[in-house]
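Colleague: Before we discuss this model, could you take me through the terms you apply and show how each value meets its cut-off?

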Amino acid sequence: MQRSIPYQNIISKLLLIALFIGYISLSSIYLLLPPLLAVLFFAYHDALSKNDLFGLSIVSVMLLVFEAEKGFWFGSTIIFFTLLSRYVIPKLEQVIQCRICMAAIFVLLAYPGYWIYVWIVDQVLLFQLPVLDWHIALYMIVEFLVIAALV
């Protein structure tokens, strides 16, 4: 006989948010821990493509926490990831059938793509650009391995 716990999905997602807040705080202290931007992009795209409103709202909260912790513009990652998920990724999925290649594309769109997006918006609105350093390459490698395991 199996016991069913009501609201098990909600409890697990809230626990995931609490763990993410702890992890993102540690990644600000220890620079070798990746901030999981590409993993959040993959989760956001997955929730958006499945029309999962609860999962989408959970990932959106995680993205807002990420932006607040890293000092990025409010809502910029959500707008960028929505544009990519609606217009760019479906076209790439039609052309590219390799799952490992799609994992690499998610990482490339998340890190250099986000910086290019912020740079373009900076030219129009005169905001401050996020800082790029050598840690970004390490983050991209680690997150590629994580997303390749998830895909």
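Colleague: Why is Ser-27 called buried?

Modeller: Ser-27 has a relative accessibility of 1%, and buried means under 20% relative accessible area, exposed over 50% and partly exposed in between, with a 1.4 Å probe and protein chains only; Ser-27 therefore counts as buried. This is a predicted model, in which local features need pLDDT of at least 70 and side-chain atom pairs count only at pLDDT 80 or more, whereas totals for chains, interfaces and linings use all residues. Residues are numbered from 1 along each chain as its sequence is written, and side-chain values use heavy atoms, with hydrogens and water left out.

Colleague: Where does Ser-27 lie, and what does its side chain reach?

Modeller: Ser-27 lies in helix α1, where a helix is a DSSP run of H or I with at least four residues, numbered from the N terminus. Its side chain reaches the backbone oxygen of Ile-24 at 2.9 Å, and a polar contact is a pair of N or O atoms within 3.5 Å, one able to donate a hydrogen and the other to accept it within protein, with residues adjacent in sequence counting only if both atoms are side-chain atoms. Leaving aside neighbours within four places in sequence, Ser-27 is also in contact (heavy atoms within 4.5 Å) with Leu-33, Pro-34, Pro-35 and Lys-70.

Colleague: How many disulfides does a search of the whole structure find?

Modeller: The search finds zero, a disulfide being a pair of cysteine sulfur atoms within 2.5 Å. As for accessibility, Cys-98 counts as partly exposed at 33%, and Cys-101 is partly exposed at 37%.

Colleague: Which residues have the most contacts inside the largest nonpolar core?

Modeller: They are Phe-41, Tyr-44, Leu-63, Tyr-111 and Ile-147, in a core of 40 residues; a nonpolar core is a set of buried Ala, Val, Leu, Ile, Met, Phe, Trp, Tyr and Cys residues joined through side-chain atoms within 4.5 Å. To this core α2 gives the most, with nine residues. In soluble globular proteins, nonpolar side chains tend to be buried together. Tyr-111 has contacts beyond four places in sequence that include Pro-35, Leu-36, Ile-136 and Tyr-139.

Methods. Helices (H or I, at least four residues) and strands (E, at least two) are DSSP runs, numbered from the N terminus.
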